[in-house]
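Me: I'd like to go through this structure with you, one feature at a time. Could you show me how to read each one?

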Amino acid sequence: MKPQVTGLKRILNATGYSIQGLRAAWKNEAAFRQELILLVIMTGITFFLPVNHIEQLLMIASLFLVVIVELLNSAVEAVVDRIGPEHHELSGRAKDIGSAAVFVSLLLVVITWGTILFF
């Protein structure tokens with residue numbers, strides 16, 4: 001049985017694993033790199049738009065959600081690919097559903113930004 005790490009040591013370990021995950025996503029996932037760059041650029045743009053702080057927060061939060069969903073989608077894809085290269089209906093379904101989640105999060109960005117800026 002693995003000894004349980006608690007307290008500050010657990011938090012430090014978890015932070016290290018998270019940083020490793022971000023590095024792996026940056027290195028291996030083009031979509032993650034594109035979406036992260038988009039987040040940085042579009043976040044900067046919000047500072048020049050005629051929006052209040054709550055609207056700005058919603059706009060930025062929708063961008064972060066895309067990155068979060070992309071990370072989860074990439075994790076699903078990595079696990080499916082780890083299982084094997086042969087085609088399996090459930091593997092394909094898992095990847096398609098992950099992709100759909102990213103698509104829906106991108107739609108949320110369009111709806112959020114469109115509603116705030118044009119209505």
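Me: Let's start with helix packing: at what angle do α2 and α3 pack, and how far apart are their axes?

Reply: Two packed helices are described by the angle between their axes and the distance between the axes. Here α2 and α3 pack at about 175 degrees, with axes 10 Å apart. Axes are lines fitted to C-alpha atoms, for helices over the stretch in contact, and angles run from 0 to 180 degrees between N-to-C directions. α2 and α3 are therefore roughly antiparallel to each other (angles under 35 degrees count as roughly parallel, over 145 as roughly antiparallel, 65 to 115 as roughly perpendicular and the rest as oblique). Helices are DSSP runs (H or I, at least four residues; strands are E, at least two), numbered from the N terminus.

Me: Which residues of α2 and α3 make the contact?

Reply: On the α2 side they include F32, L36 and L39, and on the α3 side they include M59, L63 and V67; contact means heavy atoms within 4.5 Å. By class, that contact has twelve nonpolar, three polar and two charged residues. Ala, Val, Leu, Ile, Met, Phe, Trp, Tyr, Cys and Pro count as nonpolar, Asp, Glu, Lys and Arg as charged, and the others, Gly among them, as polar.

Reply: Before going on, note that this is a predicted model: local features need pLDDT of at least 70, side-chain atom pairs count only at pLDDT 80 or more, and totals for chains, interfaces and linings use all residues. Residues are numbered from 1 along each chain as its sequence is written, and side-chain values use heavy atoms, with hydrogens and water left out.

Me: At what angle do α1 and α2 pack?

Reply: Helix α1 (residues 7-28) and helix α2 (residues 30-46) pack at about 105 degrees, with axes 5 Å apart. That makes α1 roughly perpendicular to α2. Among the residues in contact are L22 and W26 of α1 and R33 and I37 of α2.

Me: How do the axes of α3 and α4 cross?

Reply: They cross at roughly 170 degrees and come within 9 Å. α3 and α4 are therefore roughly antiparallel to each other. Their contact has 17 nonpolar, seven polar and five charged residues.

Me: How many salt bridges does the structure hold?

Reply: Side chains of opposite charge can pair when their charged atoms come close. The structure holds two salt bridges (a side-chain nitrogen of Lys or Arg within 4 Å of a carboxyl oxygen of Asp or Glu). In one of them, the side chains of D81 and K95 meet at 2.5 Å, N to O. D81 lies in helix α3 and K95 in helix α4 (residues 89-118), so the pair ties together parts that are 14 residues apart in sequence.

Me: Where is V51, and what does V51 touch?

Reply: V51 sits in the loop between α2 and α3. Leaving out residues up to four places away in sequence, V51 touches T46, Q56, M59, I116 and L117.
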